[in-house]
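The following exercises concern a predicted model. Each task is followed by a solution in steps.

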Amino acid sequence: MIRDRNRRATPLRLVDSDERPGAHEVAPSARDLDWTILMARAQDGDRAAYLRVLQEVTPYLRSLAARRHRDPHDIEDAVQDILLTIHSIRQTYDPARPFGPWLATIANRRLIDRLRRQGRRKNREITLTLDHEAVSAPEAHLDHSPDRHELAKAINDLPPMQQQALRLLKIKEMSLKEAAAVSGVSIASLKVNVHRAMKSLRKMLLDRSEP
Amino acid sequence: MITTPDLIASLATRMTPVRRLRPPAFRAAGWLLLAAIILALLAVNQGIRPDLVERLREPAFALRMLGAVLTAILAAIAAFMVSLPDRSRLWLLLPAPALAIWLLNIGYQCLTDWIAIGPEGMSPGEAARCFATLVLTSLPLSLTMLVMLRYSASLRPTAVALMGSLAIAAITATALSLFHTIDASLMILMWNVGTAAMFVGLAGTFGRRMFEWVALRSCRRN
């Protein structure tokens, strides 16, 4: 009450930095004075001043939001949320008082509300794991099977030597040495054949997908 | 999703000049004036209780009335203060002393001279009239406060709603004591503490939603 009476005696004091801030964060006073003047003009209908004050407070709001959120999308969402709140209650700002605490309180209220909402959502929702799948066996995923048929058909179209090299090295995932021992073909020949097989497969499958 | 620079640009182009809010104490005074007018109209319509003057000479009754009126005034100021973003939340403590006087007085009276039922008892007709006073006082005051404080929806809706409802409850209790002969301790307890508990409870449960609803309406209109 006493503070109010003092203020009424000096109505033109724009920033009273010696007084208690209404919130936890206070912007530096020079910047605060700029924002105070810009915001007062914006209330009177100056669009350019409004645009400038919103642009200038955004990095500050982003730094406040970054303290509470990690995900950049969350931070940006929170900043926009705060900007919309500022817009909807801009008539509550009193230019006789500093702008920083006004802004910081709005920002913190919105951020806390967001965190609470997120917390509630996390309690309600769970991430799906493999255990939640109705049928988790890979062969049950029917949407993959057309591709498998296509690939099997393409492999069958390859010359026999290339087929053998591909099956041993890529599908059974053997090393060159093991494949050479199993098939009795030299390592150099296996290399050449698997390389050619991959090349022609790539060509065949691309041709089919891009008619 | 819209990018932040785009959002800022669209807010700036959509912006219209706004009228700054008057100082909170001034707004609270306006609301209290409305409350006084409503009480005066009810007094003309229903008539003051016949024994008011002699009851006011009793310290207990006078203190109770004083406590209720002070609670109403201070809670209204606190509600308008706390509804602004840059005011301290300590304003919420402003009505505490008056509230303590009011409630302790009722409690003390209940302890010292418990009058279960007054000499003439409580007739159903009187209860209905009490209820009418309660609704006629609280309804217009609640709606006015809801509209006056709609912008606080995005800040501290619950705290503001609690303070506002405390002010409304205190005024309603004052009205009941002014217009109806409620002398039985049980009745005093019910109509004072019960009213206060009911309004504060309703505000705690629905305050946030009501403010958001009113704020949404006014946003759409703009």
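**Exercise 1.** Determine how much area is buried between chain A and chain B, and which residues take part in the contact.

*Solution.* Step 1. In this predicted model, about 3300 Å² is buried between chain A and chain B, and carbon and sulfur atoms give 61% of that area.

Step 2. Chain A brings 39 residues to the contact, and chain B brings 30 residues.

**Exercise 2.** State how many salt bridges and polar contacts link chain A and chain B, and describe which elements and residue classes make up the chain A side.

*Solution.* Step 1. Between the two chains there are 2 salt bridges. One of them can be checked against the 4 Å cut-off: the closest N and O atoms of Arg20(B) and Asp44(A) are 3.2 Å apart, so the pair qualifies as a salt bridge.

Step 2. For polar contact, the count is 14 residue pairs with both members at pLDDT 80 or more.

Step 3. On the side of chain A that touches chain B, at least two residues come from each of α2 (29-43), α3 (47-66), α4 (72-88) and α5 (99-124) of chain A. The largest share, 8 residues, belongs to α4(A).

Step 4. Sorted by class, this side of chain A holds 14 nonpolar, 14 charged and 11 polar residues.

**Exercise 3.** Characterise the second largest pocket by volume, lining and residue class.

*Solution.* Step 1. The volume of the second largest pocket is about 450 Å³.

Step 2. Its lining comprises 21 residues; nearest the centre lie Ser142(B), Ile168(B), Phe199(B), Leu202(B) and Ala203(B).

Step 3. Two or more lining residues come from each of α6 (124-148), α7 (157-179) and α8 (185-221) of chain B, with α6(B) giving the largest share, 8 residues.

Step 4. The lining has 16 nonpolar and 5 polar residues, and no charged residues.

Key:
Residues numbered from 1 in each chain as written. Chains lettered and ligands numbered in written order. Predicted model: local features only at pLDDT ≥ 70, side-chain atom pairs only at ≥ 80, totals over all residues. Heavy atoms only, no water. Contact = heavy atoms within 4.5 Å. Buried area = accessible area lost by both parts, 1.4 Å probe. Salt bridge = Lys/Arg side-chain N within 4 Å of Asp/Glu carboxyl O. Polar contact = N/O pair within 3.5 Å; in protein donor to acceptor, adjacent residues only side chain to side chain. Helix = DSSP H or I, 4+ residues; strand = E, 2+ residues; numbered from the N terminus. Nonpolar A, V, L, I, M, F, W, Y, C, P; charged D, E, K, R; others polar. 1 Å grid on protein atoms, 1.4 Å probe; cavity = no way out; pocket = protein on both sides within 12 Å on 5 of 7 lines; lining within 4 Å. Points joined across faces, edges and corners; volume = space filled by probe spheres on them.
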